[in-house]
Each structure stands twice: as structure tokens, then as C-alpha cells.
Amino acid sequence: MIFYEVAVNAPIANTLTYKYSGPAIDIGHAVLVPLGRRKVTGYVLDRIEEDEQQDKGFVVKAVERVLSGDPVFPRELIPLYRWLSSYYHYPIGEVLFTALPAAPSAKSGIYAKLIPGCEEKLSTFAGVEETFPEVVLQLQQTRHLSHGMITRLRKSSNGRKLLSQLEKEQIIQFETEIITSRTQEKYQVVYGPSDSIAGLLSTDSSNEHGALQKWVEQTGLSLKPSELKTLGIVSELYRSLGTWVPKSAVQKQYKQSGRYLKSLVENNLLVQEESRVYRNPFGEPVDRKNTCTQQHTEEQRRVLEKILPAIAQGEFAPFLLHGVTGSGKTEIYLQAVQEALKAGKSALVLVPEIALATQMEEQFYTTFGDQLSLLHSGLTAGERLDQWHHLRQGSARVALGARSAVFAPLSDVGIIVVDEEHESAYKQDDGLRYHGRDVAVMRAKMAGCPVILGSATPSINSYANTTSGKYTLLSMEKRVSSRALPEVQIVDLSKGKRNRPDLFFSDQLIEAMNTTLERREQILLFVNRRGYSSSMICQDCGSIVQCRHCQVSMTRHRAKQKLLCHYCGFTLPVNILCQSCHSERVIGIGLGSERIEQEAEQLFPHARIARLDSDIASHRKKYLETLSAVRQGQIDILVGTQMIAKGLHFPGITLVGVIWADSGLAMPDYKASERVFSLLSQVTGRAGRGDKPGSVIIQTHQPHHYAVTCAQAHDYTGLVDKELPIRSLLNFPPFGRLVNIKFSGENEKLVEKAARKVNVFFMKHFTGGQIEQLGPAPSPLAKVKDQYRWQLLLKSSDYRILHAMVDSLQEHQSSLKLGNVKLSIDIDPENMM
DNA sequence: AGCACGCCGACT
DNA sequence: GTCGGCGTGCTC
């Protein structure tokens, strides 16, 4: 008998022990195990030798069965899973279910069996026939009660009564059955040559059909013309594909071929097999043009001289690559990955959550082809699983993807790259609240390999790690082919008269747009919000239309003719009465991408204008059409939100306008300045990447704010010099560490009470000046989806104290009696909303 | 999470 | 009396 350490799919902090008498189970397998009265999926994390398995005061149950054919994850990732569980204070089983794709899984439910020989007893059972005829019917017909039937019965008291009586009278017996078990592998039927004609199909004679016919005549086989035709198609496809031919591909050319394929197999000319289908994760076929590996710049060479030896060395080494937009960071990544592959290792590349196909994907695909596995957010569960298997089996050695790709099942990782490391999209904002970049660094540490964090505007945290000596700083300050950085002009929105005070366009911006359009060049307008008006205000009483379920203002969307809540999706008609005074005079204020698009149409009626925001991006086709239209110069003005600032390359754009730069500075967030700076820098970087120089106009109400002026001067260290003293004064990161304890529930009073209780608990058990408790207070978004939210922010220079506090809270959670209030813990919170 | 146990109010 | 409400606690 062998014992196993299993992480089960339930919110249980620790792993559980199970035994299994069958053949030894490898670490990493999915198993079905009993848990209480039910059966759940679990993952084997370790084997426990029998002599180590002392009596620990619980009865060890047996593994029900092994669910996976092969281990689902490489065992070298187990320490990372354990670290995630303890660092983010999240149950180990749920860590695994977050980190793994929808792999073999099973669940059980209760059903009831009719005890043999009880049919008579059943019919004499008082009252069943009248109240529950369907129960009698099901038992007679199938000799059991289904899970669905039992759940239905349990909803009524009479049903429950019936069930317990049937059990008491020994008519039925409850058992658990597996009700869902899914694997999303897709298979297809493929055909290949049998031994007898293998030689014939591999020859690349140009007169294929003739050769086949000749061969058939020689062997004296009597093939029908249709069979010969089918065989011809198969052989043609076999040669062009270079591999076995899917049945569907043959049938596409010849509809009736199914039956002939069958007879060809019977005649031992073709062999039929089932093969795993790997769905194509590239939405559209990507042009595999060769990127001419240009000469590296002096800076690139200097950076590579540091990184490449570290990869060959195979030791943990964190680098922060600070390179201005256009300095050629991607080339560094490509070289680094190549170096790792050369050393026989694999590579992991993380990019922020991006809507769809980007330059980065294209370049990696061009360079690494089938070696590359893409793990972006647009994949279906099935596609994701396919990519997982590719990596698992080593048929792909480079993984490129967003946040969750950090869990890619690569073994022997030689390099990890995190592009745009400052992006807050790396932070998962629910469930296991991990930071993709931080996990990447930890993974590199465990794997013993270098990690490159790249950014044009590094996070203050990472930058601080270079001055403290934890990371090595590598800088690239020049743009490839020494293109100049764009000229940036700041326009003060609060000063001076405007020709069009009704619009969000300053005179300077309008003029610059005019000259740009005259030169037949392209313009990008950047807006912070989608929609038309960011909120609706009543002109009589001044109240703002709020979502019924969330404490946020409703945004007007003109195209949809609706008011929309961006948090829960709740909609209202446009023509509503004021919620407090019932006035009809409710109008939109503030701006959104739709409105800017409309105003641009008014100002430049002859310009071709397009909009790109997440409303559009949800329509993949429309999104890609817009992208290519912009690239081909069919669009003069592109209006967009955040998503256009990232990773997209538009050579034709020479003017960038930022409509309202300081809107982000009002956020209740210690990172607001850092964010605004990096957003402005990114948008600014979109200008003039072609051979023409670019210019940028930033409209703002706070022209003297350092986030704005530093972005204007392309001065990253200037920002750091301003920002660090402020952070230091308030002991915010990188000086102090933060933990946000979040409370939520339907009952506002109870949520508040719970938050106060925890606050008191901490004050009692953790005294001394090393900890600061901010709050408890209602969250900046005090209500979302009918859930009231409070939070308690903990701050300390010593993260070990913070972890001790959270551990202690979780330990005493039940005795604190927080009632129905849900508690969730956010370690290193990125977003305080 | 799910599921059982157990302790109190409102019904036959 | 007991039925059924939900708060509390455990799962190898």
C-alpha cells in the first residue's frame, strides 16, 4: 500500500493523505478521491513512504481512481504551487485548479439504487403514488433515482421526507456516482499509407496520379475509379501536408469519399488512425515573412553581453531591462530565447493581457514557428488544453502568453521574459490574486535561470530593486536607427479661451490635426474611457445617475442607445427621469471614446475616422479589420482607449493627441502618478515610429504635475526622483508592503461590523509601531453587483509581520464569527478599487 | 465548496 | 411534539 499527498478541489488550506493499492501513481496525476460524502478531483503532489505514514488521528481513505493518462504538470512546478499557496494565502487545491487548464476532472453526486427485491415494498409504500408518481415510475423503469431527481426532491420537505423514509424502510440505498467527467481533447480520423504503398506515396514524382494507376495495374488490384480517385486525393494531400491526412480534408475535395476510404482501408492500401487535433490558436494565419536580423545597436550588444552568458550559465539572475519605446527590446527577447533553446532548454515569455494578435506574437511566430505555443486569453478551453499538451510533451519549447502563461508546463526553463513588467494587468484581481511578474521571478529563482523584466517605464518597485542590488539594471536609451523621440506639447485646458468650448478639442490640437491631415498623415486620439458620456447628471438637482447594483455612475453609450454600468453590465434606457427629483432634464457630462469620435467627425467631416476600444475588440473581425485599415492608411483619425496604447505598431501615425491626461490622477491610489506617467509615455511612443518624426499634444488641467511634465520630457528618472520621496514619507511600496483585507456581502451593516471586528482583532494581537492599519473603510467602489464592500489596508515595512497577521486571521476566522460576510485577502494589492 | 449536524421558532 | 430554518464545522 502506498500513501499519497493529494491537493483536492476544495477550499482546504492543506493537502490530504490518501492511499492506493493499485499500481504506483506518478506525481502530477489527477485522481478521483473521496472527500466527506462526495468525490472530488485532486492532484498527487507527493508520495509518502509507508513507514512515514504514522497514525495522525484520521482514517486514511483510498484513491477511487486515476483520472489522467499522464502526469498533468511537471513535478518541478510543485514547489511553486506550494509557494503560491502560502504567499497568497490561498488553498493549495484551488491554486492547482487555477494554474492548470480544464484538464481531466470529475465530480460526484448522490443517486439512489433500488435495493433488489423491494418492488413490492415500494408499491405498498403509503402515498407515494399520489404525491410522487414520477419517483415510482423512475424506480420501476431504471431501478434507481437519478441525481437530478434527488436534488429536485430535496427542495421540498415532502420530498426529503419521502427519501428518508424510503431509505429507512430499506427500499433504496444512497450511493455516489460520477456525474461529470470531461476531457476536452478532440480527435479526428486520419489516413496514411499502408506498408504496401508507403514507398509510392513518399516519392515525389510529379506525375502522381499516373504512377498510382500504373502501380494499381501492376499489382492487379481491381479498384473502382472512385476508389482510385480517393486514393489520388489522399496521396496528394499526404505529400503536401507532410503528414497523415484528416478525413475531413479528403471529404472537402470529394464528398462521397467516406465509403471509398473505408474500402481502401479494407483493401489494406490505407491505414486509419485517430489523432489528437490541435486547434490553431492563431486566429488568422500569420504571415511568416522572414525578419531580417538587422545589425544590433551598440546598446543591444552591450545588453546581450550581460544576458546571454547568464543564460548559458543557468543560474538565477534577475535583470530589469529599461528600454525606451523603439529601442528594440523585442530583439533582445528573441535572442535570449534563442540562446536558451541553443542550450537545450525551454523559454517562457509573458506579455500583458492584450486583446488579440500583436506584433510580439507575430515576431515570435516568425522566429520560432512550431516551437512556439501561444497561450493568449482568446483561446477556448479546448485550445488551451491543446497548447498545454504541446508544451508538456516538449513538442513546443517556447511559451508566449498573458498572466496565466506563467504556469506553462515547461520543464527545464532556461529563460523567463516579462515584457511591459509595470503593467497592472499582470495582477489577477480575484480568486488567487497573484502577480504574474512576481510569480515569474519566483519561478526563475526555483528553476535556476535568468529572468528579464522589460519596460519603457519600469514599475517603481522593480526599479527600486535595482538600486538595492537585487536586480541588475540594463538600459537602452536610444531608439533603433536613432529616430528622434517625438516632440511633446502640453496644453492647459483650464486656461485661455477656446474657439470651440463645446468640444473637448483645444485650438492647438485642432490646428495640429489640420496640418497633419493636409500632409496626408495619420492621427491617434487617446481617451481614457469608452462610451459617449462618462456620466449622466440631472440639471435640476445635480444628482448623478448611478447603477442600481453598484455605486458607480452609468455611462452613456450612443451606439447602443443605452446607459451602461461598466462594472456589472446593467443597462437603462437613455431617456430616463432623474432618480431623485424625477426631472426630465438629465444630460451627459464627461467624455468617452464615442463622444470624441463624434466630435472629430464634426470638426473634420472629410476625414476617415475609426474607433478602437473594448466595445469593438469584442468583435474580433471588426477589430482586425480596423487594425489593418489603419495600417494600410485607409483611416485618417483613430480614436482609442488604453488598448491601443499597448503593443500595437502604426508606422503612419505622426500625431498623437491625449484628450484628458490627468483624469487618472484623481484616483484614490498611491500608484496614480506612476500609472499616468507610464500611460502617457506609452501613448507618446506611438507617434512617429515610421520614418517621419512624430509630435504629441497632451491636454490636461494639471500642466505642472510631475507625471505630466516628466512624460513630456521623456524623463523616467525624473519621475522616480519625484515619486520616491512621497512613497517613502507615507511608507508605501517599495518602502512598505501592503495587504488589503476585503469584506463583502449583501448586508451593509454586517459587512461593516465584520471589518471592524477584524480591525479590533489585529489591534489586540499585533501591537507596536511596525504596522499601520488604514481603515476599516468602505471600498472606493462601495457596492458592486449588489455586494457591499469594505476594506482594511495593512501596511508595514516588514512583510513577515503582515503574513503573520493574515495567518492568524485565517486561523481565528471561525471564532471571529464574521457571519455571511465574505473575506478575501489581497497580497501586494495593485488596484485599490 | 458541499454536506451533515445541531440548535431554535412556527406549525400539524 | 416535530418540521425545517440556517449558523457552524469538517473534509485525509
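Chain A exposes about 38,900 Å², of which carbon and sulfur atoms supply 48%; accessible areas were computed by the Shrake-Rupley method with a 1.4 Å probe. The model is predicted, with local features requiring pLDDT of at least 70 and side-chain atom pairs pLDDT 80 or more, whereas totals for chains use all residues. Residues are numbered from 1 along each chain as its sequence is written, and side-chain values use heavy atoms, without hydrogens or water.

Of the 833 residues in chain A, 53% are buried (under 20% relative accessible area, 1.4 Å probe, protein chains only). Chain A contains 29 helices and 34 strands, taken as DSSP runs (H or I, at least four residues, for helices; E, at least two, for strands) numbered from the N terminus. Among contacts (heavy atoms within 4.5 Å) with a separation of 6 or more, 74% join residues 24 or more positions apart.

Helix 20 (residues 593-603) is largely enclosed by the rest of the structure, because nine of its eleven residues are buried. These comprise Ser593, Glu594, Arg595, Ile596, Glu597, Gln598, Glu599, Ala600 and Leu603.

Helix 1 (residues 78-87) and helix 2 (residues 92-99) pack at about 120 degrees, their axes 9 Å apart. Tyr81, Arg82, Leu84 and Ser85 of helix 1 and Ile92, Val95, Leu96 and Ala99 of helix 2 make the contact. Six of the residues in this contact are nonpolar, one is polar and one is charged.

Conventions: Chains lettered and ligands numbered in written order. Axes fitted to C-alpha atoms, helices over the stretch in contact; angles between N-to-C directions. Nonpolar A, V, L, I, M, F, W, Y, C, P; charged D, E, K, R; others polar. Buried < 20%, exposed > 50% of the residue type's maximum accessible area, 1.4 Å probe, protein only.
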